[in-house]
Amino acid sequence: MTRRAWFVTGTDTGIGKTLVSSAMLSLLAGSGLRAVGMKPVAAGLEDMNGEWRNEDVEQLHAAGNVDAPLALRCPYLLRAPMSPHLAAREEGVHIALQPMLSAFAELSARADAVVVEGVGGFCVPFGDDLDSADLAVALGLPVILVVGLRLGCLNHALLSAEAIRARGLVLAGWVASMVDPSMLAPQANLQTLRARLGAPLLGIVPHLEHPDAASAARHIDLRALRATAAHAARRAASSETFSAALV
């Protein structure tokens with residue numbers, strides 16, 4: 001299974017998480033890797049050329065270069081554009097962990113790099129006993145946090161980082177997304193986040209008039225992920241060794 005895999009989460013919904021994930025896929029594919037995007041749970045379908053599709057799932061697919069089946073790229077595709085646990089309840093669907101883990105394993109066997117995009121923020125509920133944070137823990141991947149730069153982002157970013165680390169996950173890096181071009185003191189906010197998040201800043205994606213993966217990719221540098229990827233690999237190896245010693 002590939003070790004080039006990340007879990008992308010955000011400080012909120014609508015802050016450019018899919019754009020950043022697609023930009024990562026564009027960069028990875030452009031470097032010669034077989035790269036595929038996965039959105040385990042997606043809520044909200046639109047009529048695209050006579051077919052009901054999810055825009056985020058389609059953007060991730062277009063940015064990668066591995067033609068994997070939709071059932072692997074998005075095991076749970078829900079109709080209503082609302083919180084997944086509510087959309088699933090409306091359709092009588094039970095979102096379970098194992099189908100998502102199995103899909104990730106199959107994608108990992110097909111690709112050199114997998115970018116897993118969460119839904120909404122880090123702790124969005126999938127059901128009564130499962131949420132997005134549980135999925136991130138089960139996958140055990142380094143996490144990339146997309147911070148939507150707008151009023152309130154400092155609290156949202158710092159709480160998200162705290163929640164990620166509290167679950168034993170590696171915060172591999174973060175990306176600033178300029179979702180509010182009229183935000184006051186954006187540079188001062190960036191400076192505060194740089195000082196307090198304790199993870200490398202991978203890029204600042206400006207407010208793009210025509211946002212797409214290629215345009216956003218020009219503002220992201222993934223080289224800083226090498227160090228955190230090595231750290232995550234060492235953590236995984238240590239965990240496996242410890243587990244083996246207990247058997």
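**Close-up views of a predicted model**

At 26% relative accessibility, Glu91 counts as partly exposed, and this residue opens the first of the views below, all of which are taken from a predicted model.

**View A. The salt bridge between Glu91 and Arg79.** The side chains of these two residues, Glu91 and Arg79, come together in a salt bridge with an N to O distance of 3.6 Å. Because Glu91 belongs to helix H4 (residues 84-91) while Arg79 sits in the loop between strand S6 (76-78) and H4, the pair ties together parts that are 12 residues apart in sequence. Whereas Glu91 is partly exposed, Arg79 has a relative accessible area of 56% and is therefore exposed.

View B. Glu117 and Lys39 meet through their side chains in a salt bridge of 3.0 Å, N to O. Distant parts of the chain are linked by this pair, since Glu117 is in strand S7 and Lys39 is in the loop between S2 and strand S3 (41-43), 78 residues apart. Glu117, at 1% relative accessibility, counts as buried, and Lys39, at 4%, counts as buried as well. Together with Asp56, the residues Lys39 and Glu117 are linked in a network of salt bridges.

**View C. The salt bridge between Arg34 and Asp112.** In this pair, which is part of a model with 8 salt bridges by count, the closest N and O atoms of Arg34 and Asp112 are 3.0 Å apart. The pair links distant parts of the chain, with Arg34 in the loop between H1 and strand S2 (35-38) and Asp112 in the loop between helix H5 (97-110) and strand S7 (113-121), 78 residues apart. Arg34 counts as partly exposed at 40% relative accessibility, and Asp112 counts as partly exposed at 21%.

**View D. Helix H1 and the residue that follows.** The 14 residues of helix H1 (residues 17-30) should span 20 Å at 1.5 Å a residue, and the C-alpha atoms at its ends are 20 Å apart, which agrees. H1 is mostly covered, 10 of its 14 residues being buried; among them are Leu19, Val20, Met24, Leu25 and Leu28, along with Lys17. Just after H1, Gly32 adopts a positive phi of about 100 degrees.

**View E. The cavity.** The count comes to 1 cavity of 30 Å³ or more, and the largest cavity has a volume of about 30 Å³. Its lining is made up of Thr11, Asp12, Ile15, Gly148, Arg150, Cys153 and His156, which by class gives 2 nonpolar, 3 polar and 2 charged residues.

Key: Residues numbered from 1 in each chain as written. Predicted model: local features only at pLDDT ≥ 70, side-chain atom pairs only at ≥ 80, totals over all residues. Heavy atoms only, no water. Helix = DSSP H or I, 4+ residues; strand = E, 2+ residues; numbered from the N terminus. Expected span 1.5 Å × (residues − 1). Buried < 20%, exposed > 50% of the residue type's maximum accessible area, 1.4 Å probe, protein only. 1 Å grid on protein atoms, 1.4 Å probe; cavity = no way out; pocket = protein on both sides within 12 Å on 5 of 7 lines; lining within 4 Å. Points joined across faces, edges and corners; volume = space filled by probe spheres on them. Nonpolar A, V, L, I, M, F, W, Y, C, P; charged D, E, K, R; others polar. Salt bridge = Lys/Arg side-chain N within 4 Å of Asp/Glu carboxyl O.
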